[in-house]
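Here is a short briefing to read beside the sequence and the 3D view. Take it topic by topic, and find each residue as you go.

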Amino acid sequence: MTLLKMDGITKVFPGVRANDQVTFDLAPGEIHALVGENGAGKTTLMKILYGLYRPDSGTIRLRDQAVAIKNPRDAIARGIGMVHQHFMLVPPFSVLENIILGKESQTAGVLRLEEPAREITEIMNRNGLPVDLTARVEDLPVGLQQRVEILKVLYRGAEVLVFDEPTAVLTPQEVVELFKTFRMMRDQGKGLIFISHKLDEVLDIADRITVIRRGQVVKTLLRAEASKPLIAELMVGKPVFLHVDKPPAAPGAVILEVRGLRQRSPRGHLVLEDLSLEVRAGEIYGLAGVEGNGQSELVRAITEAVRLESGDVLLEEQSILAWDVRTRRDRGIGHIPEDRHRYGLLLPFSLAENLVLGRHHRSPFVRGSVVDFARMRAYARESIEKYDIRTPSELTPAHALSGGNQQKLIVAREMRFDPILLVASQPTRGVDVGATEFIYQQLVEARSRGKAVLLVSADLDEVLSLSDRIGVIFKGRIIREFRQEEATKEQVGLCMTGEKRSA
Amino acid sequence: MRKTKSKYRVLETLSPILGVLASVLVLLVIAMIIGEMPGKTLNAIYKFTLASASRLSTIFSVAIPLFLAGLAVAVAFQANVFNIGVEGQYFVGGLVGAMAGIYLRLPVYLHLPVVVLASMAGGALWAAIPALLKVRMGIHEVITTIMFNNIAAALVNFLVNGPLSGRGEKSLEPQTLKIQSTALFGKLNHWFNAIGLKVPKHVYLDYSLIVAIVMGFLVWFLLYRLRQGFEIRAVGTSLEVSQYAGIRVKRVQMTAFLASGSLAGLIGLQEIFAIRGVYTFEIAAGLGFDGIAIALIGGNSPVGVIFSSVLFAFFKQAGYGLQLYTAVPNAIIYVISGLMILFIVVINEVTTRYIRALRRKEAA
Ligand SMILES: Nc1ncnc2c1ncn2[C@@H]1O[C@H](COP(=O)(O)OP(=O)(O)OP(=O)(O)O)[C@@H](O)[C@H]1O
Ligand SMILES: [Mg+2]
């Protein structure tokens, strides 16, 4: 029996066929991975299943019955749940309130909480998803917020669960936990659809793998038939090498110096405690650490004016604390932000405009005060070409790009400004294998041209393979630095938990 | 391909018209409830709006200050600044402009631009305080500008009755001295007559029309061609992204606020310099608030505001017709403008969906 069958699904957006006669099925008790390049049409297919988009043609069958899913309400009623990458939670509400929101039950106008709480606790136990029901969602780390999302979906009785790049925001440890939950749900006979660009994860968890390319299904493989190079080749249409060619480092003068930073959170505990580090010209410095140990605060202290208790940040031996963002950018600090949706893009603006954002006030994009749109567009076409951003044109609004292509846009913008210091937070988040390789090459190339790169990433493999030096951040300090040759995954990983002694 | 694109264009432009028609329909229903037959209501509207060259050109005359008011609000909205203080800025701007017209002695070719600039400066000055309070201290502009509207009204009242009053002028209402002839706005009616458009003598299509056209163009140029306008629109789209990109958000909001205030200062030009020739406390009130509706209906773009201000003028005139010939009260136009905002938004959404469906069919 199939749980779900999508047949001949086609969806056209202006200028692109996002899905072209896609056929996809899911059995109960199966984890079916969906992979493909950025812009291949994965998210679109899932949004159709969840009723967020209507297909132009094609049918959806649930347990061999044709269904029309007009909106997410229909989808939920039919047992389809989606864990969004951008969480749909109410931050000041408690975990319990968030889970029951929209499905509240009441007695004589009074919200009933005990019964749902009991039911939810039971779901937590069955699926390995412990969360404190009374905690406020805004106080939880990303991994736990995701659990709340999953609980929400399960509480509504989902049998088909869609996960669109759930691991992109998780730490490796959290991924392990998530996969435990995945297996438990599978064993209960639920069907899971899992989207990821990390092929190791896909091979680790999936029962079947469907590859789509430019809107069409290329092949559906059983786990046993699949291998990393094979999937990569099917995705891209040619072999991919997945490796970084890195000439030996030739570090020069100190570009960035961070000296004894101390900062407290609004609630008063120390988030940066005497943090110091140096990044030199021609060097990639990787920051490894479990999320929430001060990475974001450090990045903010370098890229924008913030209040510090003490310490100093210097760019080429000059203190930058008094500089605003504009000055920092003009003096050569580039920044790939961690949260692209919140900071990275003006979604209704065109790609061309987004590609110059931050430099839009400078030659050659303005003459005097007049914007030179022709220049801007020509420059955008070059960037699109060079960074392989999949888009109908440079005038397409940024919101119409796929997630990975939005990320590529930001990377292209910040790298093409050619900063002397690039602060790159999660530069390849949501980006496919081919594009990841390209971004790595670009980072290494920037380093060869004598630029300094501060790389912040939750992906330890990324940090280890790109960085010349690795600093481990723990509770707001750098507790240890490794040279690339001496760093092993185990050692650095152990150190990230605060274990200093390992030698 | 080309052809289908223009088909969508037609649909897109048609949608606000449908919104207007829907509002008229509601108006007719309300009139019927009050006891007026649709025929009579429509006739009353027709008589006051389209029946003669005089009526028709009056609509455009009335639209001039409305356009400036809509433009003033729109510029601020684009940067996510809610300038509810256009009303007060217009009172103060008008008074400062009038002072320049009364007390400065200049040749015509200087006096006219000077009064325009003085009006702008007055409006900007009145906007500057709430703008500074917002940017420096984070006090929300809606609160301060509403307060400043009241202060402006009281201040102007005091000045016109007291220090600036033109005693000796024969008038029942308190007013200033007469504006000098070198600063008075002449009419352009003969220009229109020359190209075959009949504009009767008593209708005011005066120099303020030129000011409005120039300002409309300048605002368009600012928003869509200048770096500052790009930043205004960026700030209006997302504060966080703008900050990240190094845009000096406060400075941008200050600029938009002051631009809005300067435009607000121009709303009174027609009435003060063309119609009355003095500044009185009786100059039309409420135009600043009309500007909010006009900006919303016009989608905060200069081109949109051209249409919405003419539309608003049309309904304003229609309201007088209803008042005179039917039992429907004049105030109905405020109901209608509210409905128009609603309908235009809704119908716009519906047509967008319809266009999407058409595209889909084409693709399949
Ligand atoms: N709302 C939209 N409007 C217009 N085009 C869109 C829209 N959403 C997606 N597209 C286009 O459809 C194509 C498929 O996008 P989709 O988001 O499904 O890709 P994806 O496979 O999820 O990619 P990624 O791995 O980058 O997330 C892309 O070319 C994208 O530009
Ligand atoms: Mg996607």
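Two residues are in contact when they have heavy atoms within 4.5 Å of each other. By that rule, T436(A) is in contact with T428(A) and V431(A), leaving aside its neighbours within four places in sequence. Keep in mind that this is a predicted model.

- T436(A) lies in helix α15 of chain A, which covers residues 433-448.
- T436(A) is buried, because its relative accessible area is 13% and the cut-off for buried is under 20%.
- A polar atom in the side chain of T436(A) lies 2.8 Å from the backbone oxygen of D432(A).
- A313(B) belongs to helix α14 of chain B, residues 302-325.
- The relative accessible area of A313(B) is 0%, so A313(B) counts as buried.
- Not counting residues up to four places away in sequence, A313(B) touches I59(B), V62(B), A63(B) and L66(B).
- R276(B) is 37 residues from A313(B) along the chain, and their C-alpha atoms are separated by 20 Å.

**Aromatic rings**

- How many aromatic pairs does the structure hold over all chains? There are 18.
- One of them joins F163(A) and F182(A). This pair is tilted, with 4.6 Å centre to centre and 55° between the planes.
- The pair links distant parts of the chain. F163(A) sits in strand β9 (residues 160-164) of chain A, and F182(A) sits in helix α6 (residues 172-187) of chain A, 19 residues apart.
- F163(A) and F182(A) are both buried.
- F179(A) and F194(A) form an edge-to-face pair. Their centres are 5.7 Å apart, and the angle between the planes is 90°.
- F179(A) is in helix α6 of chain A and F194(A) is in strand β10 (residues 191-195) of chain A, so this pair ties together parts that are 15 residues apart in sequence.
- Both F179(A) and F194(A) are buried.
- F163(A), F179(A), F182(A) and F194(A) form one aromatic cluster.

**Arginines over rings**

- R329(A) lies over the face of Y244(B), 4.7 Å from the ring centre.
- R55(B) lies over the face of F48(B), 4.1 Å from the ring centre.

**Helix α17 of chain A**

- Which residues of helix α17 (residues 489-496) of chain A are buried? They are Q491(A), V492(A), C495(A) and M496(A).
- Seen down the axis of α17(A), the buried residues fall within an arc of 135°, so they line one face of the helix.
- G498(A) follows α17(A) and has a positive phi, near 100°.

**Around ligand 1**

- Ligand 1 is surrounded by 20 residues. The closest are T43(A), T44(A), A400(A), S402(A) and G404(A).
- The side chain of N38(A) has an N or O atom 3.0 Å from an oxygen atom of ligand 1.
- A polar backbone atom of G41(A) is 2.9 Å from an oxygen atom of ligand 1.
- A backbone N or O atom of G404(A) is 2.7 Å from an oxygen atom of ligand 1.

**Backbone exceptions**

- Most residues other than glycine have a negative phi, and most peptide bonds are trans. The next points list exceptions.
- Is the peptide bond from S363(A) to P364(A) cis or trans? This bond is cis, with omega near 5°.
- P364(A) lies in the loop between α12 (351-356) and β19 (366-367) of chain A.
- Q21(A) is not a glycine, yet its phi is positive, near 55°.
- Q21(A) is in strand β2 (residues 16-26) of chain A. At 52% relative accessibility, Q21(A) counts as exposed.
- E317(A) is not a glycine either, and has a positive phi of about 70°.
- E317(A) lies in the loop between β16 (310-315) and β17 (318-319) of chain A. Its relative accessible area is 74%, so E317(A) is exposed.

Methods:
Residues are numbered from 1 along each chain as its sequence is written. Chains are lettered from A and ligands numbered from 1 in the order in which they are written. This is a predicted model: local features need pLDDT of at least 70, side-chain atom pairs count only at pLDDT 80 or more; totals for chains, interfaces and linings use all residues. Side-chain values use heavy atoms; hydrogens and water are left out. Rings of Phe, Tyr and Trp (its six-membered ring) pair if their centres lie within 6.5 Å; planes under 30 degrees apart count as stacked, over 60 as edge-to-face and the rest as tilted. Helices (H or I, at least four residues) and strands (E, at least two) are DSSP runs, numbered from the N terminus. Buried means under 20% relative accessible area, exposed over 50%, partly exposed in between (1.4 Å probe, protein chains only). A charge sits over a ring if NZ of Lys or CZ of Arg is within 6 Å of the ring centre and within 35 degrees of the ring normal. The arc is that of the directions from the helix axis to the C-beta atoms. A residue is near a molecule or strand if one of its heavy atoms lies within 4 Å of it. A polar contact is a pair of N or O atoms within 3.5 Å; within protein, one must be able to donate a hydrogen and the other to accept it, and residues adjacent in sequence count only if both atoms are side-chain atoms.
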